[in-house]
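The sequence and structure are shown first.

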Amino acid sequence: VKTGIEIYLVDSNNKGIPIVNKKYHQYLFDQSKEKYFNKNSNNSTLLEIKSLIKIINYYQLTNKYDYIYKITGKYYIKEYNNLYILPEKKYDIINQYRSHKGWNNSEIVGFHSSKIINLLNNILNMNGVFEKGLGTLKKNKNIKIKKLQPLTVVKCSYFAKRNIGDTLYKL
């Protein structure tokens, strides 16, 4: 992992990645042992957001950074400098450029640290999917949103396919 930024990995399968780097941190836990886990019907948004909240609280990330980004682990970008937002801008959400009507992709999404927990809980309370929740929040005039320029996905050994079968080359 060669970046100038801190990377925090949350692994809810309790496996981890054997990387040693002072800028790399991982939080491991077994999600199947959590009280909200239901082996018969799990909502991926619920699981993802609960995992994000766990790592944010564990490392007290809201006290360390102006913005916190969630990047889906199968994507690697080099344009991390494009994620830097001047602290005085006070955006609540930073969305990737890819979106659709009522929907915003969530391969990469950033939140102002002071609002991330509240916004994630708002998405959870919508009882839907993460991307649809981002689309709903986009309509709220009280939420200040920045849309990123396209970020190029770097091919490591292969381009990762999404669950729906397509491949993203830009986030």
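Contact here means heavy atoms within 4.5 Å. The model is predicted.

Helix 1 covers residues 44-58, and its 15 residues reach 21 Å from first C-alpha to last, close to the 21 Å expected at 1.5 Å a residue. Its buried residues are Thr45, Leu47, Ile49, Ser51, Leu52, Ile53, Ile55 and Ile56. Among the elements that cover them are strand 1 (7-11), strand 2 (24-28) and strand 3 (67-71), together with helix 2 (116-125) and helix 3 (130-138). Just after helix 1, Gln60 has a positive phi of about 50 degrees.

In soluble globular proteins, nonpolar side chains tend to be buried together. The largest nonpolar core in this model has 24 residues, and those with the most contacts inside it are Ile49, Ile56, Ile93, Phe111, Leu120, Phe130 and Leu134. At least two residues of this core come from each of helix 1, strand 7 (108-112), helix 2 and helix 3. Helix 1 gives the most, with six residues.

Beyond its neighbours within four places in sequence, Ile93 is in contact with residues including Val109, Phe111, Leu119, Leu134, Leu137 and Ile143. Another core, of 10 residues, lies apart from the largest one and includes Tyr67, Ile85, Tyr91 and Leu148.

## Helix 2 against helix 3

The axes of helix 2 and helix 3 come within 9 Å and cross at roughly 110 degrees. Helix 2 is therefore roughly perpendicular to helix 3. The crossing is right-handed. Helix 2 makes the contact through Leu119, Leu120, Asn122 and Ile123, and helix 3 through Phe130, Gly133, Leu134 and Leu137.

Notes: Residues numbered from 1 in each chain as written. Predicted model: local features only at pLDDT ≥ 70, side-chain atom pairs only at ≥ 80, totals over all residues. Heavy atoms only, no water. Helix = DSSP H or I, 4+ residues; strand = E, 2+ residues; numbered from the N terminus. Expected span 1.5 Å × (residues − 1). Buried < 20%, exposed > 50% of the residue type's maximum accessible area, 1.4 Å probe, protein only. Core = buried A, V, L, I, M, F, W, Y, C linked by side-chain atoms within 4.5 Å. Axes fitted to C-alpha atoms, helices over the stretch in contact; angles between N-to-C directions. Parallel < 35°, antiparallel > 145°, perpendicular 65-115°, else oblique. Left-handed = near helix turned anticlockwise from the far one by under 90°.
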